[in-house]
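Dear colleague,

Please find below the structure that I am handing over to you.

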Amino acid sequence: MSSYQDLLAQREQLDKQIKEAIAHEKADGIAKAKLIIDQYKLTAADLFSRKSGSRNPGGKVAPKYRNPNTGDTWTGRGKAPKWIEGRDRSSFLI
């Protein structure tokens, strides 16, 4: 059975080997990526573009309903305000 000190020494050596392996594989991966980038003349925009999804960056939504008495508006999202609750919403459309 190995002693505690022996196990710590083995762990230290394994940690060192792991770091070396990661550095080697990372350098290899970077070299391959650079080769492909040069080969196809890729730019950062080609690699890191955000084309997926159509998100509204402002987060604001135009109001869809208006209270004719007070001028209050509601987007139609979330809990309905008291002035439109239980009523036909088509009469409040903007």
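Is leucine 35 buried or exposed? Leucine 35 is exposed, with a relative accessible area of 58%, where exposed means over 50%, buried under 20% and partly exposed in between (1.4 Å probe, protein chains only). Please note that this is a predicted model, in which local features need pLDDT of at least 70 and side-chain atom pairs count only at pLDDT 80 or more, while totals for chains, interfaces and linings use all residues. Residues are numbered from 1 along each chain as its sequence is written, and side-chain values use heavy atoms, with hydrogens and water left out.

I begin with the overall architecture. The protein chain contains 2 helices and 2 strands, arranged along the sequence in the pattern α-α-β-β. The radius of gyration of the protein chain is 31 Å, well over the 12 Å that the globule rule gives for 94 residues, so the chain is more spread out than a compact globule. Helices (H or I, at least four residues) and strands (E, at least two) are DSSP runs, numbered from the N terminus. The radius of gyration is taken over C-alpha atoms, and the globule rule is 2.2 Å times the number of residues to the power 0.38.

Along the principal axes, the C-alpha atoms of the protein chain fill a box of roughly 80 × 50 × 15 Å. Of the 94 residues in the protein chain, 9% are buried. Among the contacts (heavy atoms within 4.5 Å) with a separation of 6 or more, 27% are between residues 24 or more positions apart. The accessible surface of the protein chain is about 8800 Å², and carbon and sulfur atoms hold 53% of that area. Accessible areas come from the Shrake-Rupley method with a 1.4 Å probe; for residues, only the protein chains shown count as cover.

The next topic is helix α1. Leucine 35 belongs to helix α1, and its C-alpha atom is separated by 63 Å from that of aspartate 88, 53 residues apart along the chain. Aspartate 38 also lies in helix α1 and counts as exposed at 57% relative accessibility. Between the C-alpha atoms of aspartate 38 and valine 61, which are 23 residues apart in sequence, there are 43 Å.

How many salt bridges does the structure hold? There is 1 salt bridge, defined as a side-chain nitrogen of Lys or Arg within 4 Å of a carboxyl oxygen of Asp or Glu. The side chains of aspartate 28 and lysine 32 form it, at 3.6 Å from N to O. Both residues lie in helix α1 (residues 4-40), 4 residues apart, which is about one turn of the helix. Aspartate 28 is partly exposed, at a relative accessible area of 38%. Side chains of opposite charge can pair when their charged atoms come close.

Lysine 41, in the loop between α1 and α2 (44-48), has a positive phi of about 50° although it is not a glycine. Most residues other than glycine have a negative phi. Lysine 41 counts as exposed at 69% relative accessibility. Glycine 86 sits in the segment after β2 (73-74) and is exposed, with a relative accessible area of 85%.

With kind regards
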